4 protein chains.
Amino acid sequence: MTVRVAVNGFGTIGKRVADAVAKQPDMKLVGVAKTRPSFEARLATDRGYPLFVGGAGKLEEFRAAGLSVAGTADEMFQNADVIVDATPDKVGREYLAKYQSAHLKAIFQGGEKPDVAEVSFSALANYDAARGKSRVRVVSCNTTGIVRAAAVLRARYGVDRWDATLIRRAADPTETRKGPVNGILPTFQFPSHHTPDAQTIFPDLPIATTAVVVPTTLMHVHVNHVRLRRPPASAADVIAAFRETPRFHVFHSWERIEGTPQVLEYARDHAAPRSDMMKNVLWEDGVHLNGADLHFFQAIHQESIVVPENIDAIRAMFDLAADASASIAVTDLTLGLRA
Amino acid sequence: MTVRVAVNGFGTIGKRVADAVAKQPDMKLVGVAKTRPSFEARLATDRGYPLFVGGAGKLEEFRAAGLSVAGTADEMFQNADVIVDATPDKVGREYLAKYQSAHLKAIFQGGEKPDVAEVSFSALANYDAARGKSRVRVVSCNTTGIVRAAAVLRARYGVDRWDATLIRRAADPTETRKGPVNGILPTFQFPSHHTPDAQTIFPDLPIATTAVVVPTTLMHVHVNHVRLRRPPASAADVIAAFRETPRFHVFHSWERIEGTPQVLEYARDHAAPRSDMMKNVLWEDGVHLNGADLHFFQAIHQESIVVPENIDAIRAMFDLAADASASIAVTDLTLGLRA
Amino acid sequence: MTVRVAVNGFGTIGKRVADAVAKQPDMKLVGVAKTRPSFEARLATDRGYPLFVGGAGKLEEFRAAGLSVAGTADEMFQNADVIVDATPDKVGREYLAKYQSAHLKAIFQGGEKPDVAEVSFSALANYDAARGKSRVRVVSCNTTGIVRAAAVLRARYGVDRWDATLIRRAADPTETRKGPVNGILPTFQFPSHHTPDAQTIFPDLPIATTAVVVPTTLMHVHVNHVRLRRPPASAADVIAAFRETPRFHVFHSWERIEGTPQVLEYARDHAAPRSDMMKNVLWEDGVHLNGADLHFFQAIHQESIVVPENIDAIRAMFDLAADASASIAVTDLTLGLRA
Amino acid sequence: MTVRVAVNGFGTIGKRVADAVAKQPDMKLVGVAKTRPSFEARLATDRGYPLFVGGAGKLEEFRAAGLSVAGTADEMFQNADVIVDATPDKVGREYLAKYQSAHLKAIFQGGEKPDVAEVSFSALANYDAARGKSRVRVVSCNTTGIVRAAAVLRARYGVDRWDATLIRRAADPTETRKGPVNGILPTFQFPSHHTPDAQTIFPDLPIATTAVVVPTTLMHVHVNHVRLRRPPASAADVIAAFRETPRFHVFHSWERIEGTPQVLEYARDHAAPRSDMMKNVLWEDGVHLNGADLHFFQAIHQESIVVPENIDAIRAMFDLAADASASIAVTDLTLGLRA
């Protein structure tokens with residue numbers, strides 16, 4: 001079976017998911033929808049993706065730009081089995097009724113509230129929960145980072161308590177209107193919204209997240225302190241556990257990856273699409289174990305980390321793979337994540 | 001005569017103008033208006049400024065914060081001879097009819113279009129043009145910086161042509177929602193709006209301004225190339241001319257003022273109110289003269305440079321001083337700009 | 001008794017300590033030493049502080065800049081009872097022998113290792129330990145922030161465990177050569193050096209600190225999670241405890257202090273010298289108590305927080321005050337910290 | 001003939017030049033030299049480039065990291081016809097004697113002074129001047145940007161005068177120790193060093209460059225004002241001229257490329273190696289012609305713009321192509337610059 005996928009919204013997440021769908025052997029990208037002409041709209045046509053005018057977009061504007069348009073988003077929906085909604089935060093919900101009335105399955109992103117979907121999703125954690133579902137929500141970038149790590153630590157060692165400080169990037173590289181330019185902004189809500197979001201997937205995860213925003217565009221960094229129930233002998237065991245798990249990359253000490261700029265330089269050097277880093281990034285030097293107390297840093301690439309999760313969500317919803325491992329294996333192979 | 005001044009809006013500009021008014025021997029601050037409680041609203045009451053609730057503000061919110069409120073902005077207007085409008089860009093115009101129907105004189109800031117007032121103003125350039133007027137607009141920070149320098153150069157040397165590249169700060173320090181965080185944004189309009197704005201004061205000024213936005217909060221920097229009509233013998237003459245003029249500060253080479261951070265450090269060290277720098281800032285090392293071609297850098301402190309101009313505008317509108325020099329002398333003495 | 005104080009090094013810390021010494025009723029500033037002419041050297045002479053040429057500085061350079069010099073640092077040392085060493089990190093130790101051979105008491109900053117002095121110091125925590133001592137080290141800005149908070153929490157509630165993530169500013173405002181410009185840099189050493197540094201003062205403090213560096217110049221922010229031994233009834237109790245203690249400032253919710261930029265704007269508005277914030281800064285909204293688990297943010301102004309500590313250290317070394325409270329009261333009154 | 005190329009230094013420039021050499025039909029990459037193990041050293045071995053230990057590097061360190069090393073840089077030199085020196089600024093000159101004694105041709109980067117080589121080089125401007133030479137210097141990134149534009153404008157319209165303000169990025173993305181974090185730093189030398197550097201290639205170019213440094217990592221932006229001798233009818237002609245010339249990219253208005261972040265996003269989207277932009281970047285909206293006065297912005301990607309120039313320099317030195325056009329055609333085809 002080949003699932004016909006349409007992507008509504010062709011910005012930071014949408015364009016990446018579209019590229020990823022186009023690489024899957026069991027999926028077909030039937031189109032992408034965008035509301036105005038731009039270099040990103042042109043990218044769609046350059047790639048041969050059918051381009052549809054979404055939202056309140058105007059066909060004339062696309063024509064004036066010389067962009068070939070295949071129709072309206074409504075028309076796109078008719079040819080799809082599933083929509084990946086990658087519209088801006090809160091807009092996805094506005095489309096919910098439309099997707100439902102068109103009897104379309106739909107995937108929402110983490111900017112929507114959990115009740116927009118039947119289940120919140122992260123492939124390493126609860127693939128099976130999304131099997132056959134009609135509406136699935138892929139949790140946000142920070143939550144994906146937490147839940148992936150939780151999947152490893154819970155299964156192997158048990159988690160008694162987890163404190164995480166999320167040092168969030170202020171804006172994506174092209175979000176040039178967002179700040180701050182200079183300063184640190186605490187998030188006063190405690191725990192931050194990432195805690196209940198992670199608990200949509202692991203309801204009993206004993207985590208408390210705190211968040212601050214800092215003036216950088218590259219990646220988030222999580223500072224984690226986890227009290228393990230059945231601690232291993234050494235930090236090396238933990239490092240090995242992460243290395244054995246898909247969607248984790250642990251840098252060696254001698255690689256001299258000082259921080260997030262070097263992480264993305266590594267991605268650039270290795271010809272990752274868009275210089276993205278879709279894996280959770282850890283450092284050997286940044287994993288410390290003292291008795292049951294595990295401290296580790298992880299860096300999360302906000303632009304791309306949820307992309308493979310969207311692909312696996314599609315596969316689960318249409319039961320295209322035998323299990324999570326099988327889906328992840330295909331996704332990671334096609335996206336170049338198995339190096 | 002003591003002019004009764006009210007300040008509508010108590011943010012970056014309003015709070016500075018209020019402080020400056022409070023220091024003038026010929027003015028009385030009758031109140032400031034703010035729309036919501038905040039640390040800045042508290043500052044007004046700490047200073048003993050009558051605090052009025054402006055715009056759509058709610059009295060209950062102020063009371064809940066324990067702030068003592070003197071009434072509504074409308075009540076404030078009744079006790080004033082002149083309003084300094086320091087509301088956000090474009091909001092001043094909305095107040096125009098109200099000020100007029102109350103027979104109040106009014107000063108607007110550079111964020112409003114020129115036709116909001118009878119005349120656009122900068123004290124060194126056209127003090128007399130504002131004498132007796134009812135509505136005066138103080139030009140914006142960048143334009144003030146240009147016009148001050150133009151006042152010096154035109155009178156002494158004549159200006160045949162002027163190219164200015166304005167390297168603009170992205171946001172004020174507390175505008176934490178504004179970016180960009182990383183990147184340079186050209187302003188494609190050419191010349192930038194600063195050219196016609198400067199020409200509201202010097203209609204024949206042969207200037208062409210170009211603007212870019214960069215990720216800093218401290219000051220703008222202007223890169224100027226002026227072709228002089230009657231060039232002096234050396235850059236030293238130009239430096240002397242600026243040093244002799246009020247509202248210019250020229251740093252010595254040995255002071256090691258590398259850029260805008262050191263300029264504001266100088267202001268901090270010298271106990272300038274709010275660590276502000278209300279003068280145009282130049283560097284000896286940054287003034288070069290080759291024949292008729294003058295190149296110079298100037299740094300412009302966007303938060304404070306228009307403050308003394310607002311004071312002089314009041315004085316001109318009520319004819320409180322014999323001439324520009326007399327007004328500037330009082331303003332600069334009271335604001336600590338005569339060091 | 002009036003203690004004669006000399007300050008060796010007149011940069012970020014030195015100039016602030018000199019200003020603070022000059023305000024003390026029981027101290028006399030006999031001079032400051034600087035190695036090269038600059039706007040900061042000029043500040044010394046503007047303030048009437050005897051200016052001495054320090055380190056490898058050259059008298060001619062000062063003369064060429066028109067700066068009046070009182071002699072060499074060695075001459076300055078002869079007229080002092082105590083030196084506040086505010087030279088760059090690691091340079092203080094190089095002076096140690098010189099101070100000792102001149103039979104001078106000396107205060108070192110936190111950039112030196114603890115063994116440079118007889119005792120490490122923070123006024124709220126161990127004032128008495130510095131009484132009569134000859135060599136005292138004031139702990140660094142981040143450590144001072146931690147130790148002050150520890151002094152409050154230990155005494156009132158007991159501390160069973162403390163995790164702190166220190167989000168460090170990349171550079172001071174005028175350290176224009178330091179980065180990063182864009183990116184987050186974890187400190188891989190765990191615990192970070194702040195843990196043993198805090199334990200120089202509270203040896204049994206069960207704290208584990210983690211540090212990251214982010215691209216801002218304004219303040220550090222600490223994200224704290226403290227397990228209290230004898231927890232109070234509510235967060236309001238903790239807030240009250242901090243408010244009752246000198247050198248803490250807790251912002252109200254309605255003040256809308258979103259982050260470090262607004263904290264320093266508050267200092268600017270209130271005419272704090274150099275717009276400094278010498279107190280630990282907390283937010284009502286940023287203090288949460290769940291059972292014994294206390295979470296709170298605090299912001300630390302790296303440029304100024306140690307200044308009052310240096311003053312109290314002098315007072316302790318010469319036994320100028322009856323006890324810590326008496327010293328702190330004088331220091332805070334003279335520095336404007338009692339508002 | 002296949003020229004054997006070795007690259008000394010495998011950082012920002014070296015790794016890009018190595019990749020580019022490896023793609024040329026008439027060149028063979030015989031090795032790269034690096035002084036210490038790192039993720040970049042590993043990249044060399046991952047790509048199959050023979051890795052040599054350069055400078056004061058230690059073989060043991062590479063072995064400890066599990067990196068396979070082919071020998072020392074001296075050994076690498078023996079198998080090469082030409083060295084591309086991509087060592088840090090000023091280090092290239094230290095190697096000069098070694099290259100000469102080994103009878104090796106050598107290419108230096110713009111961080112070295114012009115007299116390190118027989119000729120300074122930029123392919124569009126003076127390809128023939130490098131034919132058969134033994135030592136060639138590729139001018140720096142900013143100078144390359146200027147000289148490319150000069151090659152277009154001189155030939156077509158003549159240049160009577162050119163003012164350029166260079167708004168320089170503070171640091172490359174991975175230069176995490178460099179600042180400033182917040183502030184604008186003027187370069188007081190006038191004209192800046194880019195003027196004489198451009199004149200190493202066009203000795204009579206009537207340009208005057210001014211430079212400032214701003215806190216961004218992405219790209220430089222040049223603000224240009226050129227007085228043309230034989231101006232065309234409209235800005236559209238100029239835009240067409242740039243579009244017809246290799247190594248220029250002019251964005252359309254409707255593409256909504258607001259600034260340097262979107263330029264690099266375009267490169268990311270189009271799978272440019274390392275998300276680089278090796279062309280001068282202009283904007284239709286940012287080209288203005290008024291009579292003979294041409295104003296235009298161009299963005300210069302400091303990390304990659306000189307890469308094709310290094311390739312063409314090799315080709316000229318060994319006379320591998322009929323002329324500049326022929327060399328550029330091959331270079332641009334292999335590097336993906338002909339889209």
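**Figure 1. The interface between chain A and chain C.** In this predicted model, 31 residues of chain A are in contact with 31 residues of chain C, two residues being in contact if their C-beta atoms, placed from the backbone, lie within 7 Å. On the side of chain A that touches chain C, at least two residues each come from strand E9 (159-169), strand E10 (185-186), strand E11 (207-214), strand E12 (220-228), helix H10 (260-269) and strand E16 (293-300) of chain A. Helices (H or I, at least four residues) and strands (E, at least two) are DSSP runs, numbered from the N terminus. This side of chain A is made up of 16 nonpolar, 12 polar and three charged residues. Here Ala, Val, Leu, Ile, Met, Phe, Trp, Tyr, Cys and Pro count as nonpolar, Asp, Glu, Lys and Arg as charged, and the others, Gly among them, as polar.

Residues are numbered from 1 along each chain as its sequence is written, while chains are lettered from A and ligands numbered from 1 in the order in which they are written. Because the model is predicted, local features need pLDDT of at least 70 and side-chain atom pairs count only at pLDDT 80 or more, whereas totals for chains, interfaces and linings use all residues.

**Figure 2. The rotation that relates chain A to chain C.** Chain A is superposed on chain C, with an RMSD of 0.0 Å, by a rotation of 180° with 0.0 Å of shift along its axis. A:Pro215 is the residue of chain A that comes closest to the rotation axis, its C-alpha lying at 3.1 Å. The copies meet through the same surface, because 100% of the interface residues of chain A are also interface residues in chain C.

**Figure 3. The interface between chain B and chain C.** Here 28 residues of chain B are in contact with 28 residues of chain C. Helix H2 (39-46) and helix H10 (260-269) of chain B each supply at least two residues of the side that touches chain C, and H10(B) gives the largest share, six residues. That side of chain B has 11 nonpolar, seven polar and 10 charged residues.

Figure 4. An automatic or database domain assignment divides chain A into domain 1 (3-139 + 307-334) and domain 2 (141-300). The centres of these domains of chain A, taken over C-alpha atoms, are separated by 26 Å. Between them, 16 residues of domain 1 are in contact with 16 residues of domain 2. Helix H1 (12-22), helix H6 (123-126), helix H11 (307-317) and helix H12 (324-334) of chain A each supply at least two residues of the side of domain 1 that touches domain 2.

**Figure 5. The surroundings of A:Val5.** The largest nonpolar core has 451 residues, of which A:Val5, B:Val5, C:Val5 and D:Val5 touch the most other members. Such a core is a set of buried Ala, Val, Leu, Ile, Met, Phe, Trp, Tyr and Cys residues joined through C-beta atoms within 7 Å; a residue is buried if 20 or more other C-beta atoms, placed from the backbone, lie within 10 Å of its own. Not counting residues up to four places away in sequence, the residues that A:Val5 touches include A:Val21, A:Met27, A:Leu29, A:Val82 and A:Ile314.

Note on methods
Buried ≥ 20, exposed ≤ 12 C-beta atoms within 10 Å, placed from the backbone. Least-squares fit on C-alpha atoms with pLDDT ≥ 70 in both.
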